[in-house]
Amino acid sequence: MTQLWHHPASGVALAYVTGPVRPGEYVSVPDGRSGLAIAGETVWWFGPATRPWVADRMLDTVVGIRLTHLAGRPFADTSLAPWCDARVELGHLPSHAASSTDLRRALQMASTPRQQAVLLVAYASRRVGADTESRGDGAARILAGAAAGEPVAVTAAELAISPRQMHRRSLEMFGMPPTTLRRILRIHRAASVRVGGTEPTLATVAAEAGFSDQAHLARDTQALTLTTSSLALGRGRVAVSDSFKTSGSTRP
């Protein structure tokens with residue numbers, strides 16, 4: 001069973017409680033975001049996700065948050081390039097080494113998973129700050145270009161930088177090249193198309209989401225979700241990550 005809360009605070013895209021998580025059955029679909037999760041008594045920091053992850057152990061409950069794409073760099077307080085697809089204890093982030101112990105103690109005292117989700121949201125929101133979405137470093141423009149499927153050269157020209165400079169800037173801000181970010185956002189756009197209103201054909205989904213054709217959609221779906229388009233983009237027919245689902249309220 002999964003509980004979801006969308007945009008519960010500044011800089012936080014998603015909070016969730018899910019479980020049980022069974023090894024080999026739960027697939028975390030990459031969304032390009034960073035996040036925190038509580039598994040057992042450990043608080044984990046997840047760097048920007050670019051590839052699927054399959055659960056390798058049995059967990060009764062997992063509580064977590066996903067930061068917005070623009071909040072990962074401010075939260076980490078360092079370049080995200082070295083943290084791409086990393087999964088480490090929160091204290092391994094230098095800027096969180098001291099505060100992670102207090103957070104872990106507070107989480108242990110919480111009486112319910114929902115209360116733990118509230119604590120994670122509050123912690124992340126404080127660390128990110130309120131002006132994350134309006135930074136003047138070009139991050140928002142790079143993200144918008146990737147979400148729209150825009151060629152790198154077009155975005156770079158608008159930012160008055162070279163494609164190579166934009167590549168480096170994207171690595172620092174998002175932990176990945178802009179082309180990788182574009183690919184990840186496109187598969188999530190396909191999921192949004194499929195769940196909206198009527199259920200369109202996969203060919204229609206491919207066209208509306210920006211894929212070159214249905215075969216392109218099938219290849220990316222298999223690579224990023226480890227299953228077929230019809231299963232991954234169907235309504236609740238495969239156990240994919242919470243960030244790939246669209247239902248949920250706004251506050252835990």
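View 1. Asp85 is buried at 17% relative accessibility (buried: under 20% relative accessible area; exposed: over 50%; partly exposed: in between; 1.4 Å probe, protein chains only). Arg51, at 53%, is exposed. The two form a salt bridge, with the closest N and O atoms 3.4 Å apart (a side-chain nitrogen of Lys or Arg within 4 Å of a carboxyl oxygen of Asp or Glu). Asp85 sits in the loop between helix H1 (72–76) and strand E8 (87–89), and Arg51 in the loop between strand E5 (42–46) and strand E6 (53–54), so the pair ties together parts 34 residues apart in sequence. Helices (H or I, at least four residues) and strands (E, at least two) are DSSP runs, numbered from the N terminus. The model is predicted: local features need pLDDT of at least 70, side-chain atom pairs count only at pLDDT 80 or more, and totals for chains, interfaces and linings use all residues. Residues are numbered from 1 along each chain as its sequence is written, and side-chain values use heavy atoms, with hydrogens and water left out.

**View 2. Arg66 and Asp31.** Arg66 lies in strand E7 (residues 62–67). Its relative accessible area is 8%, so Arg66 is buried; Asp31 is buried too. Their salt bridge has closest N and O atoms 2.9 Å apart. Asp31 belongs to the loop between strand E3 (27–28) and strand E4 (35–39), 35 residues from Arg66. Beyond four places in sequence, Arg66 touches residues including Val12, Tyr16, Arg33 and Phe46 (contact: heavy atoms within 4.5 Å).

**View 3. Glu172 and Arg73.** This salt bridge has its closest N and O atoms 3.3 Å apart. It links helix H6, which holds Glu172, to helix H1, which holds Arg73, 99 residues apart. Glu172 is partly exposed at 35%. Arg73 is partly exposed at 22%.

**View 4. Helices H4 and H6.** The axes of H4 (residues 139–147) and H6 (residues 163–174) come within 10 Å and cross at roughly 100°. Axes are lines fitted to C-alpha atoms, for helices over the stretch in contact; angles run from 0 to 180 degrees between N-to-C directions. The helices are therefore roughly perpendicular (65 to 115 degrees). Ala139, Ile142 and Leu143 of H4 meet Met166, Arg169, Ser170, Met173 and Phe174 of H6.

**View 5. Ala223 in helix H9.** Ala223 lies in helix H9 (residues 214–225). At 34% relative accessibility, Ala223 is partly exposed. Leaving aside neighbours within four places in sequence, Ala223 contacts Pro52 and Arg183.

Key:
Parallel < 35°, antiparallel > 145°, perpendicular 65-115°, else oblique.
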